Amino acid sequence: MAAYLAIQNGHDKGTQYPLDRDRPMHIGRANGCDIMLSDPNSSRFHAVVYFEDYAWHLRDTNSRNGTLVNGQRVDDARLIDQTQIVIGKTALMLISTDDESTGADALSQTVYEDVESWKARDSEIVREAGDLVEQPQHLLDLYQLSLALLHGQKPDDVIDTTLELLRARTESETVGLAIDGGDGRWKLRRQFPKKSPPVKLDRAQLRRVTKGGEVYLNEIPDSSDKRSGTTQRLMVPITGNQKVVGALIFHRRTDPYGDAMVDLALGAAGLLAMGLTQSTFTEHLRVEHQRIANRNADQGELIGESAPMRKLKERIERIGRASGSVLIRGESGSGKELVARAVHRAGNRNDRPMLTVNCAAIPRELLESQLFGHKRGSFTGADSDHVGLFEQADQGTLFLDEIGEMSLEGQAKLLRILEGHPFLPVGASKQVRVDVRVIAATNRDLTEFVRDGRFREDLFYRLSVFELPVPPLRDRDEDINLLIDHFLVHFLLQHGRPQLTLSTTARERLLSYAWPGNVRQLRNVIDSAVVMADEPEIVDDDLGLRDAGLSNIDTLRIDVWEKRLIEKALSRSSGGVPEAAKLLGISRATAYRKITEYDIDRS
């Protein structure tokens, strides 16, 4: 197997220069060139011939007058047996007996053009993705493609939509998408039709198209059937965010691809890049959301079929369809944030995000700037502008957990927003108007805060348009078994202990416990037990419930005693609130308020 360049004209006609696969051959007028030319039309270092990817290639080294390969001016070309090269007035021919150079992938014609030069070849035609193209039908095709890509499909669906349209419009036999696997190896990610023979990839061509951002056109002789002519190939780069992410590859056996087809391919490649970027980002967020939900045993729904939970779910459905603010009351760990999400999903803003902020976790002096935003330099440490959470949640929902920890100044701004007025970010001179549904939550008695002057009375009434009391776990006896099974299945899978079971005595202890920490405490107890228990089952000593023998009546929680005393007084008075209030030594107004707060049934 050998290859050489033979001079075809002039006084050196017939001279042969053997090619070495391990050493490039330089052609030009300089003394250091392997083939020295005396033609003044050639440059000192005019071109180089080298072996790469099992084939010979020629690259023009920025010569003054250019290089012709088979009659066409090129910057880079793949060479096969009998390829003619013209440099100035000197004609050379590649003679090769290498099997790799004479296969079905060999080129009989090559055209490289960078995308910018291609777009600029006619000043009356704009060829940016989505702009006007030469054919009105292609403008409609790009418009329909852009609408299809806006539907938020998964990345593979975005690719299939694009390839199917391009195959039909370009009358191609196959259309494929090639991407760089990250290690320099190109692979075919998608092809249409899916059952067609896989497209053969040429890494040298793909590198040229993607690195240089160039359009590539060539003909591939069909060595298996001389009568079938040649296969036309078109390759265009896919560029997104100033970075080439892949290439579209077209094949057909009819006429060569015309300018209009190249324009359509370039426009579709631009739209595909944007669609892939957005769909990949969306898919990443979806997967990350699912990962976090799985880690926290959050299935997105409220678990429970007890009477208090059925009543809560019914209220959520009604309140979700309304537009007013919501105040969720409940003990720590009872699931107030899950209730807030359920309200958001049941509402008309469920296609918009719900942002969450724990007012107790942010220092009071910084809470206002986090919620309403600030301008650079407005206070020490404000190194840049910050868009507040209210502005970020515009048209959506903002969940304010532990609302009682908000400062009076912040409460004043929150009240103005709830009344529909604009607000002023810290250090700003221009007011901002937003449309946000506020869901607030607290585990404190805000009426006491109002009496003590720590919470604005007008804000309290504005927030409590709709109130949702969340029942504590001790009032949901029927749901504890469901929650135990839910958390047990989750943590057995998460910690890789599917054979572990829960003993009968351990379950009985869980069912009899008062659960002062509510659902959060139950979740943590089961998580710890699954990790610490020895095979084959979780026993009661693995639960770590040192006070598990206490009954509900023995708890020291004031709210539990208060509720039970009210229920006892109502029982003695046959449901009469005035008489029950006398027995308790409180006013009727306080009795009615406590009955509502604890969601006590008077029947």
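Start by selecting Glu-171, which is exposed because its relative accessible area is 57%; exposed means over 50%, buried means under 20%, and partly exposed is in between (1.4 Å probe, protein chains only). Phi of Glu-171 is near 55°, a positive value in a residue other than glycine. You will find Glu-171 in the loop between H3 and strand E13 (174-180). Helices (H or I, at least four residues) and strands (E, at least two) are DSSP runs, numbered from the N terminus.

A word on what you are looking at: this is a predicted model, where local features need pLDDT of at least 70 and side-chain atom pairs count only at pLDDT 80 or more, while totals for chains, interfaces and linings use all residues. Residues are numbered from 1 along each chain as its sequence is written, and side-chain values use heavy atoms, with hydrogens and water left out.

Now select residues 155-170, helix H3, which Glu-171 follows. How many residues does H3 have? Helix H3 has 16 residues. From first C-alpha to last, H3 reaches 22 Å, close to the 22 Å expected at 1.5 Å a residue; the expected span is 1.5 Å times one less than the number of residues. Colour the buried residues of H3, among them Val-158, Ile-159, Thr-162, Leu-163 and Leu-166. An α-helix has 3.6 residues a turn, so residues three or four places apart point the same way.

Next, go to helix H2 (residues 136-149) and pick Leu-140. Is Leu-140 buried or partly exposed? Leu-140 counts as partly exposed because its relative accessibility is 39%.

Then select Phe-192 and Pro-193, joined by a cis peptide bond with omega about 0°. Pro-193 lies in the loop between strand E14 (186-192) and helix H4 (203-212).

Finally, zoom out: the protein chain has 18 helices and 24 strands, and 47% of its 603 residues count as buried.
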